[in-house]
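Reader: Walk me through this model. I want to learn how to read helix packing, sheets and chain contacts.

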Amino acid sequence: MYKVKVFVTLRESVLDPQGKAVTQSLHALNYKEVTDVRIGKYMELTVEKSERNIDEVINEICTRLLANPVIEDYRYEVEECVFL
Amino acid sequence: MKFAVIVFPGSNCDVDMFHAIGDELGEEVEYVWHDTESLAEYDGILLPGGFSYGDYLRTGAIARFSKVMKEVVKAAEAGKPVLGVCNGFQILLEAGLLPGAMRRNESLSFICKPVQLKIETNRTMFTADYEQGQSISIPVAHGEGNYYCDEETLAELKANNQIVFTYQQNPNGSLEDIAGIVNEKGNVLGMMPHPERAVDELLGSADGLKLFQSIVKTWREAHVVNA
């Protein structure tokens with residue numbers, strides 16, 4: 001079994017209106033040291049081992065459904081685990 | 001002409017769309033559930049607004065993999081008119097039938113009000129009955145209508161006259177004031193404003209009616225002898 005953590009964020013070139021609003025809010029709270037906030041999604045997938053390579057599967061899943069490549073980037077972490 | 005209004009779980013403008021076609025235009029129209037396996041009997045496909053699958057993950061992202069969407073792609077390839085309004089537009093983008101993507105409105109607010117649109121081109125099967133450059137009043141109702149595409153795609157949209165409607169006062173931050181675009185072939189239209197909510201003066205505007213009339217007229221000219 002694998003535990004896969006997927007992070008999806010808007011691409012750098014795409015303005016993030018939510019992130020902008022949160023940055024302004026942090027500035028209003030006097031956290032002037034925060035210069036930028038990007039808001040994204042975090043997903044946890046439990047994946048069974050198969051004959052297919054795990055990276056191949058996850059990249060496919062991310063580009064087909066979990067992220068929209070037109071406006072979003074993704075990255076992921078794979079953790080192998082054993083359930084007792 | 002026979003229309004299909006595709007109904008997804010969470011569609012909520014399907015009845016308005018049905019009313020526009022059935023009652024205002026007097027054309028044949030049926031509701032079609034999202035797991036339908038064939039759209040062969042329909043001449044025009046309408047994807048209504050709403051919140052298909054609760055807008056989970058991204059607007060339109062789940063609906064795009066419904067069984068019926070394979071048939072919508074087929075209909076688009078066959079040259080049939082396909083119209084996606086609001087969530088319908090978002091689904092067409094996710095399905096790759098139209099280029100680009102939607103972002104959250106710049107203001108982060110859900111915007112629900114009439115807006116003035118400019119007809120950028122009347123050389124489409126959806127706008128043939130309008131005047132070039134005409135101003136029309138159509139309501140918008142969306143939280144994610146902030147259209148985005150990369151520069152290369154934008155250049156293509158412009159070069160092929162694919163930008164059909166623009167906002168006169170941009171409500172959502174949409175790139176180049178874009179409110180609606182067609183595919184390169186010109187038979188798939190996606191738009192955020194709701195023409196089906198503007199088909200009678202009683203509703204505040206009847207400016208949307210010509211869009212549906214244009215579809216029917218263009219179809220008749222191509223398919224009916226002595227139309």
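Reader: At what angle do helix 1 and helix 5 of chain B pack?

Author: Helices (H or I, at least four residues) and strands (E, at least two) are DSSP runs, numbered from the N terminus. Axes are lines fitted to C-alpha atoms, for helices over the stretch in contact, and angles run from 0 to 180 degrees between N-to-C directions. Here helix 1 (residues 14–25) and helix 5 (residues 209–223) of chain B pack at about 75°, axes 11 Å apart. Helix 1 of chain B and helix 5 of chain B are therefore roughly perpendicular (65 to 115 degrees). This is a predicted model: local features need pLDDT of at least 70, side-chain atom pairs count only at pLDDT 80 or more, and totals for chains, interfaces and linings use all residues. Residues are numbered from 1 along each chain as its sequence is written, while chains are lettered from A and ligands numbered from 1 in the order written.

Reader: Which residues make the contact?

Author: Contact means C-beta atoms, placed from the backbone, within 7 Å. Helix 1 of chain B brings Ala20(B), Ile21(B), Glu24(B) and Leu25(B); helix 5 of chain B brings Leu209(B), Phe212(B), Gln213(B) and Val216(B).

Reader: How do I read the sheet in chain A?

Author: Strands of a sheet pair through backbone hydrogen bonds, either parallel or antiparallel. Two strands pair if DSSP finds at least two bridges between them. This open sheet has three strands, order 2-1-3, with antiparallel pairing. Strand 1 (residues 2–10) and strand 3 of chain A pair over nine bridges. Lys3(A) has Glu79(A), in strand 3 of chain A, as bridge partner.

Reader: How many residues of chain A are in contact with chain B?

Author: Eight, facing 10 residues of chain B.

Terms used:
Angles under 35 degrees count as roughly parallel, over 145 as roughly antiparallel, 65 to 115 as roughly perpendicular and the rest as oblique. Two residues are in contact if their C-beta atoms, placed from the backbone, lie within 7 Å.
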